[in-house]
Amino acid sequence: MDSYLAQLRRDVGSRLLLMPGAQVLAVDADDRILFQRSRDTGLWELPAGGAEPGDGFRTTAAREFTEETGLQLDPDDRATGVFQAC
């Protein structure tokens with residue numbers, strides 16, 4: 001099954017395509033920031049990715065963070081400060 005982005009690309013070709021997305025700034029207790037190396041460019045970057053239809057910011061951020069790092073975030077966790085949307 002094609003991703004939403006693949007379906008859009010098939011419809012619009014190489015024209016400019018704007019899509020909402022999210023990046024996650026993960027900071028540990030020692031104020032270290034989690035970066036990952038891009039598979040495409042080799043540069044260091046924050047975990048990030050595009051939204052799927054019907055996703056809100058928090059859902060997108062949590063899903064992409066898990067996909068990119070293997071670590072779990074609960075998009076509904078507002079009480080602990082573990083996951084804060086800006």
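Guide: Begin with the secondary structure: helices are DSSP runs of at least four residues and strands are runs of at least two, numbered from the N terminus. This is a predicted model, and in it the protein has 2 helices and 4 strands.

Visitor: In what pattern do they follow along the sequence?

Guide: The pattern is α-β-β-β-β-α.

Visitor: How do I read burial, and what share of the residues is buried?

Guide: Buried means under 20% relative accessible area, exposed means over 50%, and partly exposed lies in between. Here 20% of the 86 residues are buried. The accessible surface comes to about 6500 Å², with 53% of that belonging to carbon and sulfur atoms.

Visitor: Take threonine 60: buried or exposed?

Guide: Threonine 60 is buried, because its relative accessibility is 2%. The residue lies in helix α2, which spans residues 57-69. Beyond its neighbours within four places in sequence, threonine 60 is in contact with Gly21, Ala22, Gly49, Gly50, Ala51 and Asp55.

Visitor: Which residues make up the largest nonpolar core?

Guide: That core has 7 residues: Ala22, Val24, Ala26, Ala61, Ala62, Phe65 and Leu73. Helix α2 gives the most to it, with 3 residues.

Visitor: Now the charged side chains. What is the general idea?

Guide: Side chains of opposite charge can pair when their charged atoms come close. The cut-off for a salt bridge is 4 Å between a side-chain nitrogen of Lys or Arg and a carboxyl oxygen of Asp or Glu. By this rule the structure has 6 salt bridges.

Visitor: Which glutamate pairs with arginine 39?

Guide: Arginine 39 meets glutamate 68 in a salt bridge, 3.4 Å from N to O. The pair links distant parts of the chain, 29 residues apart: arginine 39 is in the loop between β2 (36-37) and β3 (44-45), and glutamate 68 is in helix α2. Arginine 39 counts as exposed because its relative accessible area is 74%, whereas glutamate 68, at 27%, is partly exposed.

Visitor: How does the bridge between arginine 63 and glutamate 64 read?

Guide: Their closest N and O atoms are 3.3 Å apart. Arginine 63 is partly exposed at 23% relative accessibility, and glutamate 64 is buried at 8%. Both residues belong to a network of salt bridges that links Asp55, Arg63, Glu64 and Glu67.

Definitions and conventions:
Residues numbered from 1 in each chain as written. Predicted model: local features only at pLDDT ≥ 70, side-chain atom pairs only at ≥ 80, totals over all residues. Heavy atoms only, no water. Buried < 20%, exposed > 50% of the residue type's maximum accessible area, 1.4 Å probe, protein only. Areas by Shrake-Rupley, 256 points an atom, 1.4 Å probe, with all protein chains shown as cover. Contact = heavy atoms within 4.5 Å. Core = buried A, V, L, I, M, F, W, Y, C linked by side-chain atoms within 4.5 Å.
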